[in-house]
Amino acid sequence: MYAQMVKSEATKEDPEKLAAFQARIDAGEKIEPKDWMPQGYRKTLIRQIGQHAHSEIVGQLPESNWLTRAPTLERKAILLAKIQDEAGHGLYLYCAAETLGVSRDELTEMLLDGRMKYSSIFSYPTLTWADMGAVGWLVDGAAIMNQVPLQRTSFGPYSRAMIRVCKEESFHQRQGFDVMMKMATGSPEQKRMAQDALNRFWYPALMMFGPSDKDSVHSSQSMAWKIKMNTNDELRQKFVDQTAPQADFLGLTIPDDNLKWNEEKDGYDFSEPDWSEFHDVIQGNGPCSVDRLRARNKAWDDGAWVRDGLLAHAEKKAARKVAAE
């Protein structure tokens with residue numbers, strides 16, 4: 001339906017402008033906020049960047065669950081720094097979205113009332129300290145796989161935001177892998193915890209790339225506009241090919257009996273996630289979906305006095321400026 005809407009909107013716009021816009025995209029030029037762009041392009045970017053920003057913010061919640069229970073002070077400091085990074089990533093992305101004419105308040109309200117989503121992975125619980133390793137290794141690893149190509153995306157502010165985000169996410173992945181390595185080479189109980197975390201996060205991590213290409217309603221147009229640089233299935237395959245040898249190095253077993261190297265395609269064969277579960281989680285029925293949105297609603301309500309105070313200060317400052325003139 002969304003693809004049809006974009007197509008119908010595009011046909012109402014000046015064909016010459018549309019052709020010139022696509023020519024710029026094809027030539028690898030960056031589109032900047034003040035440049036003319038089709039409404040479908042703008043809407044697609046707002047949806048994608050908004051969802052990305054919300055995911056960075058909501059992604060702090062499963063990690064903050066372990067701040068007070070980190071095994072050492074060093075681990076606590078590392079986790080706290082990582083959570084702070086995620087807040088910064090959300091800020092960069094909200095700023096990029098604002099250049100498209102949508103405010104941060106509007107984006108947040110769209111998340112809270114269900115018009116916008118966040119990544120399905122953050123609707124799953126973090127049950128043990130090993131999950132902090134799995135989140136860094138698998139979840140941030142999948143995020144990097146998604147985000148590195150976005151440094152070349154066609155919209156300038158989004159592309160530039162991704163440069164710093166990807167640098168920081170690479171540290172997060174290493175931190176997660178280090179936790180998993182310590183657990184996997186520790187006591188038998190620690191290794192069992194690491195294996196359990198891998199078992200629970202493997203398929204949700206595969207779902208992070210979105211539905212298979214044949215079922216994706218956004219990919220073809222997003223690829224044409226270079227909002228996306230790779231298809232969902234391409235990125236998922238690349239992730240599996242990178243991660244399977246890492247699991248072997250850790251002495252852990254990926255929970256997929258069909259996982260095996262395929263010489264012909266020079267990559268791993270693997271099982272698809274349960275897409276009915278994916279769609280159920282996206283619709284707000286994940287194990288922690290209600291808790292995540294409840295936490296975001298509480299933060300929004302509790303912060304109202306700050307927003308009101310800042311607005312009143314801005315209005316007072318503007319009034320003084322007008323009076324002085």
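Start by selecting Phe-270. Phe-270 touches Leu-206, Arg-236, Gln-237, Val-240, Asp-256, Asn-258 and Leu-259, leaving aside residues up to four places away in sequence. Contact here means heavy atoms within 4.5 Å. This is a predicted model: local features need pLDDT of at least 70, side-chain atom pairs count only at pLDDT 80 or more, and totals for chains, interfaces and linings use all residues. Residues are numbered from 1 along each chain as its sequence is written, and side-chain values use heavy atoms, with hydrogens and water left out.

Stay on Phe-270. The residue sits in the loop between strand E2 (267-269) and helix H12 (275-285). Helices (H or I, at least four residues) and strands (E, at least two) are DSSP runs, numbered from the N terminus. Is Phe-270 buried or exposed? Phe-270 is buried, at a relative accessible area of 18%. The classes are buried under 20% relative accessible area, exposed over 50%, and partly exposed in between (1.4 Å probe, protein chains only). Phe-270 and Asp-256 are 6.9 Å apart in space and 14 residues apart in sequence.

Next, select H7 (residues 130-147) and H8 (residues 156-184). These helices pack at an angle of about 145 degrees, their axes 7 Å apart. Axes are lines fitted to C-alpha atoms, for helices over the stretch in contact; angles run from 0 to 180 degrees between N-to-C directions. H7 passes H8 in a left-handed crossing. Left-handed means that the near helix is turned anticlockwise from the far one by less than a right angle; clockwise is right-handed.

Show side chains at this contact. On H7, look for residues including Trp-137, Asp-140 and Ile-144; on H8, among them are Glu-169, His-172 and Phe-177. By class, the contact of H7 with H8 has 12 nonpolar, eight polar and two charged residues. Ala, Val, Leu, Ile, Met, Phe, Trp, Tyr, Cys and Pro count as nonpolar, Asp, Glu, Lys and Arg as charged, and the others, Gly among them, as polar.

The axes of H5 and H8 come within 10 Å and cross at roughly 160 degrees. That makes H5 roughly antiparallel to H8. By class, the contact of H5 with H8 has 10 nonpolar, three polar and nine charged residues.

Zoom in on Asp-178 and Arg-75. They form a salt bridge, with the closest N and O atoms 2.9 Å apart. A salt bridge is a side-chain nitrogen of Lys or Arg within 4 Å of a carboxyl oxygen of Asp or Glu. The pair links distant parts of the chain: Asp-178 lies in H8 and Arg-75 in H5 (residues 73-98), 103 residues apart. Asp-178 is partly exposed at 23%, whereas Arg-75 counts as buried at 13%.

How many salt bridges does the structure hold? The structure holds 17. Two further stops follow.

- Select Asp-196 and Arg-200: the closest N and O atoms of this salt bridge are 2.9 Å apart. The two are four residues apart in helix H9 (residues 188-207), so about one helical turn separates them.
- Select Arg-24 and Glu-29: this salt bridge has its closest N and O atoms 2.9 Å apart. Arg-24 is partly exposed at 24%, and Glu-29 is partly exposed at 38%.

Note on methods: Angles under 35 degrees count as roughly parallel, over 145 as roughly antiparallel, 65 to 115 as roughly perpendicular and the rest as oblique.
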